[in-house]
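Visitor: I am new to this structure. Please show it to me, then take my questions.

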Amino acid sequence: MPQLRLQNILFCAAVLLLFASGCSKVDYAKIDDPAYLRVFNNLNYVVGLENKDEEVPFLTMLIDPEMDKDGMPVKAGIKGDFLDQREPYAPPFPSHVGSSVSYKNPEYPGKANVLVGPVLNGFDLSSWAQIPSGTHRIVFMFRPVNNVPFFNLESRLKQKVLIDTTITLDSKEVYTLHVLQKNFLTKKNGVYLRKENFHKLSLSDSLVYVNFYNMSAKGFQESDDDAKEANRKSGSLRYGIKENMNIFQSLFTSEKTMLSPVYSNTYKFMGQLKRNSEVLEVSKYYSFPLFADPKSNGIYTNIWQRFDLMAIGMDPANNPYESYNMKTEGNWAPINCMLDGKSQLQGNDNGAQLPNMIVNIHSGQYNPRSFATVNTIEIVNGNVYLTTVQRKYAPPIY
Amino acid sequence: MNTRKSITQALLLIPVFLLLVLPSCKHNDLEIEKENENFRLATDFIKNNYDMTLFYAAIEKVGLADKLRENGPFTLLVPNDAAFRELGINRPSDFSKMNQDSLKALVQRHILTRRLLFSDMPHNGVDVRYKTMAGTEVYASMAGYAPGNEAFAANELYFNGSPVTRKDVTLANGTLHMLNKVMKYTPQMTIQTWLLARPKYSIFIAGLKRFGLWDQLAATGSFTVFAPDNEGLKAAGITEASIAEMDAQKYMGTRLFGSYILPRTHFFLSDFEVFRTNNGQEFLAKKIDNDTWYSFVFTTKNFFTKVITGGINLRTAPAYPNEVYGSAGAEVPALSDHLFDNGVLHEVKGVLLLPEQALKK
């Protein structure tokens, strides 16, 4: 009898708990008619002794800001704060959400807790933020490097406008927005909004796609080398490349050396690369087979990619420069997409380092399994950046 | 029987009673570290600090002692006594010899009318400007951390090139940072007027005039000047008389005297420490205008005293293969980092190039 009573009490408590927790109403954030936007801060100059009066390229993005009577922003529809210089690699998934311990955000949305894009035509757009479509006023502000949110800063620190402009975003379209230096001599900055089309193309999942942009500032390559304080990692690219370059692609299977090339894929001509930081058109996607290496088993491949950018009229077969030449007058700049993008080729190599374009990850019963991706290589002044977009893939089975 | 029982009970209670009473008799000396809650006001703190006696004397002299007892908040950038001694101020009475208005301005330039803690500074901030009580601005720079190395921060602070040896001292009405160098800023004065008022630079001035480099120092642009004094120039055989005899057409004036001036830059010697930490820039090789040679600036910092000294030399190229010519520097940190509205001047001793080396071939 007392046992039954105890059961009754427990049962009542459980029912109460169910009711109590069922009462809260959740308002899900929803944006009708969104456009998808990803923002990069490509201002990659280093403030040093000679240019110490230049602003530190650490930004806040304000979409549809409200200004007070002095022109100082007090509120914004969308705020992307702590926007740091972008990292060499923009991965297919916003991985910094889980791994970063810094307040700095290498891209927007990146770590920001906002609504992100869905899987669109197979492509995972979780690195793109949902923004209401239509015309927006967008302002990029310089901000001091600290973890104080933008609107809590002292008012004198909220007045340095990098650019104040308007952009129009169409519904259900995918955009990348770049903050760029437009002119190296006048240090004029600007933005560059590109409407991506990879989700509309009929791309095969057994080919790896890549397109190239040279968004360098006008006059960078022509300037004196001493004026170019660049990232050490970008090899001979640090001094810039000429306005027009040819792209040659090679594939290798050997780790950190160029000893075992995939023979059908050595110095293959891909196309031309023209410097362009104004015209907003998507470059052509070039491709190579995921399993180009005949020795691979069709599940996993260890090939890595090398792109030789050479001035028009030059050929990799009779390259006048040696692989240790850092100064190539902008005529030759190799890019190695190898391992995690942090290790160099053995020996003195002048290649810029980027991670491998092929994503190897545990999927289904295979660990690892290689996936083809859609890539964008962007050259900005002396640095090079890789953005990888990947299709949704099967979860691992353990 | 009953009485006896109650007595036994009472006897039993005695040890219990003793147990209760006796432990309270023992007083263990329990030391609890208690944070000081009685922070002093700015004036009183400085008055009680044996390494700030000269700055206190200056405050007293210019009548700011009462002001600094007010609510504030203030941030005091206090040079220690050694810093004043480097300038030849050894005892409080030496302040009487100074112009009282400029002394007052000097003290006021060491006081910010706000509370500025180290944590208020932007990370790796360079030349962040803060208003002083004198109405001028002070340049604050932070040697924070190398890119991607936030876990191993150096976190050193500099005001107008003066290193902070002790930061964030709490005051009841603000905060205090201790400097090992007096900040030297002369408002409404150009580098040219300052040099002109000092006879120990007469040879340098004569040289600049001879080669048409003098007039620019009155302009607004920014300049960093390493001014060699007469003593050093005379030791190398350069005098006003020898300069007067020179035929300006036969010498490369840009090398001979232009190398001491770095136009379009303004840096304190501490900026080298700041950029060494923040982005690994160790030195500055600046090409001389209208010449192919380079002025090369370098600094060293004493690990213990945080004293920064530096100098300049002349070289044919920034790095090897090159030829390095003479160099000039200063041992006393008080000689460097004179701030003006059109740049920074560092007093040095030495010669970069002898006249015969600058002859056109």
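Guide: Helices (H or I, at least four residues) and strands (E, at least two) are DSSP runs, numbered from the N terminus. A helix's expected span is 1.5 Å times one less than its number of residues. The model is predicted: local features need pLDDT of at least 70, side-chain atom pairs count only at pLDDT 80 or more, and totals for chains, interfaces and linings use all residues. Residues are numbered from 1 along each chain as its sequence is written, with chains lettered from A and ligands numbered from 1 in the order written.

Visitor: How far apart are the end C-alpha atoms of helix α1 of chain B?
Guide: Helix α1 of chain B covers residues 2-21. At 1.5 Å a residue, its 20 residues should span 28 Å. The model agrees, because the end C-alpha atoms lie apart by 28 Å.

Visitor: Is α1(B) largely in the open or enclosed?
Guide: A residue is buried if 20 or more other C-beta atoms lie within 10 Å of its own, exposed if 12 or fewer, and partly exposed in between; C-beta atoms are placed from the backbone. Of the 20 residues of α1(B), 0 are buried, so the helix lies largely in the open.

Visitor: What about helix α11 of chain B: largely enclosed or open?
Guide: This helix spans residues 270-279. Its buried residues include B:Phe272, B:Val274 and B:Phe275. In total 8 of its 10 residues are buried, so α11 of chain B is largely enclosed by the rest of the structure.

Visitor: Which residue follows α11(B), and what is its phi?
Guide: The residue after α11(B) is B:Gly280. Its phi is positive, near 75°.

Visitor: What distance separates the domain centres of chain A?
Guide: Chain A has domain 1 (31-200) and domain 2 (206-392), with bounds from an automatic or database domain assignment. Taken over C-alpha atoms, their centres are separated by 26 Å.
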